[in-house]
Amino acid sequence: MERLTFDLAAQPLRELNTFLHTGAKEGKVGHVTVLNPDGAHNIAVGLDCPIEVEVVGHAGYYAGGMNKSATVTITGSAGTGVAENMMSGKVHVKGFASNGAGASAHGGLLVIEGDAGLRCGISLKGGDIVVGGSVGSFSAFMAQAGRMVICGDAGDALGDSLYEAVLYVKGKVKSLGADAQYEEMTEADIAAVASLLDQAGLDHDPKAFRRIASQRALYHWNADANQEY
Amino acid sequence: METKPVNFKNLSREESYGYDRKTLDYIRNAAAHGLYEIRGMGAKRKLPNFDDLVFLGASMSRYPLEGYREKCITKTLLGTRFAKKPIELDIPITIAGMSFGALSANVKESLGLAATALGTSTTTGDGGMTQEERRSSKTLIYQCLPSRYGFNPDDLRKADAIEVVIGQGAKPGGGGMLLGQKVNPRVAKMRTLPEGVDQRSACRHPDWTGPDDLAIKIQELREITDWEKPIYVKVGATRTFNDVKLAVHSGADVVVVDGMQGGTAATQTCFIEHVGIPTLAAVRQAVNALEDLDMKGKVQLIVSGGIRTGADVAKALAMGADAVAIGQGVLVALGCNGETYFQNGAHHDAIADYNALGTAPGYCHHCHTGKCPVGITTQDAILEQRLSPEVGAKHLKNYIKTLNMELTTIARACGKQNVHHLEPEDLVALTIEAAAMAGVPLAGTNWIPGKGF
């Protein structure tokens, strides 16, 4: 397989994305290196084939957004909405990630080795997210399906208005959101955490995690709940 | 001394203006249930609307066109600002975004079939794109909503344009609702929700928070689709002047402004009736914003919310809209609020089913129940059979065709060879309120309230 390099200091972003949508699908190029990303937004968005993309440096908003099948690695940090609405494949951030990381991801695996900002995994719809560090407040807000593994701490209102997504946290949780509750870790949970950590290349004891899921008390309108969510 | 009123019998039955029967009923309902009312359709209260405007047909000072012989162009281009492939429509009347979930799959197919036959576009909704509607629609607008239910890059690439929905006229500032009885297995799967939950959609997008973020989000959508597809931004009408300017700033090709008469499949009544501004006021603000930015004609404006007739379309266009979108009128054309439904070649009485919902044809707003007596706003396997895609498409085609004929009739009477040549100078208002909101003179005067004499 051929390797290709795009230098965003010299080539426009549109050239890179257009190649990744068209030329990459011919299957001759297996690996693309992106140099000098310099925080540019929308790097490697909408990929639709099993290519490897390595972004050497920091990426702006929506890096790897709506990814399908590809593996995108960012050696630096990523801005807002990294891997948003990912369908499959993998997005791996070696540094930190800003707000809304993995928002509404339907599938695939998002790995953030450092910390993630606010609303990590918001509206998650089936994707898996592993965060090596901590996550900010309102993470997994309204998460519908999928799993999140948080190796560090979580901010306020973790898992607010959760549907069927499941969260695993190793560190401290400042507060749980409405309708979220701690649950027993079963053998299946421990195996799931072990497998996700393994896929992420992070070394933690899976038994040290706590499970958080929905109480399902908000699934139906309830007059007696008095809006005390 | 006489202390009792002379006409005691009648005054003793005087209805209070503030505590009329409607208000009493509202209070009793609240007291009984401890929960606000949720319903479908749009604002029911009386509002200044397009009926409060009239056209100044040609006479001595203007020259009219012959009604049936002379051409009147209705072709409409949308998305000419940045997109490589703008949307080209035969008529300026489009089908508004309504979800599969709120509507049955049959209805979505009807909309596509009719829109395609008419050379116009139809729009997806909260819940994603169905195969039926993609197959049946030549031009399909794909909505990107806060919930992102069913949103995926494959459908994005299949779309002809993308509409980023910030808000809706019926509930600006609120997210969607879909009550459990409509979350059947197919709807649940498309939205990744447990079957039967009372779905509450997010009111904010998950991955951006303001107009500067939105500019980057729109760029992402353009990058993913290689800058081919027009991007619409839809706002519910509130601070429309500023919102339209910010939508343009964010890079929209087309701005959709939905006034408070716009419908919904399920929203709190207090929201429908008390949040947002009338469509009439919103159109003027939107056009002012585009003119202020020198973007009139570069960024197109679609107006929705209570567009019912060809005259409404003509008035919206004269005020400066490039096209309109219709939701509730479309549903009524399909049979909404009708006394019968048409199935297996015959009309069947639906009145008993309305009664079971506590309503009657003409008053029904029970879309939220999923028990639509005429099979439109339902996911029920039996009820949805009450509207076949072909029958629905036929009626809808007739309705929109009528609107388009009315539109060109008015345009010709005003001496226009192209419906887009209708202008504010062709309009006057019948009420001071409408004159002030629409920014056209009160009929017979030069007076536009707020603009001096």
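I take the radius of gyration over C-alpha atoms, and my globule rule is 2.2 Å times the number of residues to the power 0.38. I am working on a predicted model, where local features need pLDDT of at least 70, side-chain atom pairs count only at pLDDT 80 or more, and totals for chains, interfaces and linings use all residues. Residues are numbered from 1 along each chain as its sequence is written, while chains are lettered from A and ligands numbered from 1 in the order in which they are written.

**Chain B, overall**

I checked the dimensions first. Chain B has 453 residues, so a compact globule would have a radius of gyration near 22 Å; the chain has 23 Å, which agrees. Along the principal axes, its C-alpha atoms fill a box of roughly 75 × 60 × 50 Å. I then looked up burial, where buried means 20 or more other C-beta atoms within 10 Å of the residue's own, exposed means 12 or fewer, and partly exposed lies in between, with C-beta atoms placed from the backbone. In chain B, 56% of the 453 residues count as buried.

Next came contacts: two residues touch if their C-beta atoms, placed from the backbone, lie within 7 Å. Of the chain B contacts with a separation of 6 or more, 66% are between residues 24 or more positions apart. For secondary structure I use DSSP runs numbered from the N terminus: helices are H or I with at least four residues, strands E with at least two. Chain B comes to 15 helices and 18 strands.

**Helix H2 of chain B**

I looked at H2(B), residues 21-33. The expected span is 1.5 Å times one less than the number of residues. For these 13 residues that gives 18 Å, and the end C-alpha atoms are 18 Å apart, so the two agree. Just after H2(B), B:Gly34 has a positive phi of about 65°.

**The core**

A nonpolar core is a set of buried Ala, Val, Leu, Ile, Met, Phe, Trp, Tyr and Cys residues joined through C-beta atoms within 7 Å. The largest one has 207 residues, and B:Val255, B:Val257 and B:Val324 have the most contacts inside it. I followed B:Val255. Beyond four places in sequence, its contacts include B:Val233, B:Val244, B:Ala286 and B:Leu301.

**Chain A**

Chain A has 229 residues, so a compact globule would have a radius of gyration near 17 Å; I find 18 Å, which agrees. Its C-alpha box is roughly 60 × 35 × 25 Å. Here 55% of the residues count as buried. The chain has two helices and eleven strands.

I stopped at E5(A), residues 90-93, which is covered on both faces. A:Lys90 and A:His92 are buried on one side, A:Val91 and A:Val93 on the other. In a regular strand the side chains alternate between the two faces of the sheet. Strands pair if DSSP finds at least two bridges between them. E5(A) pairs with E4(A), residues 71-74, in the parallel sense over four bridges. Four bridges also join E5(A) to E6(A), residues 109-112, again parallel. A:Val93 stands opposite A:Ile74, and its bridge partner in E6(A) is A:Ile112.

**Where the chains meet**

The contact takes 37 residues from chain A and 23 from chain B. On the chain A side, H1(A) (13-21) and E7(A) (125-131) are the elements giving two or more residues. H1(A) gives the most, with four.
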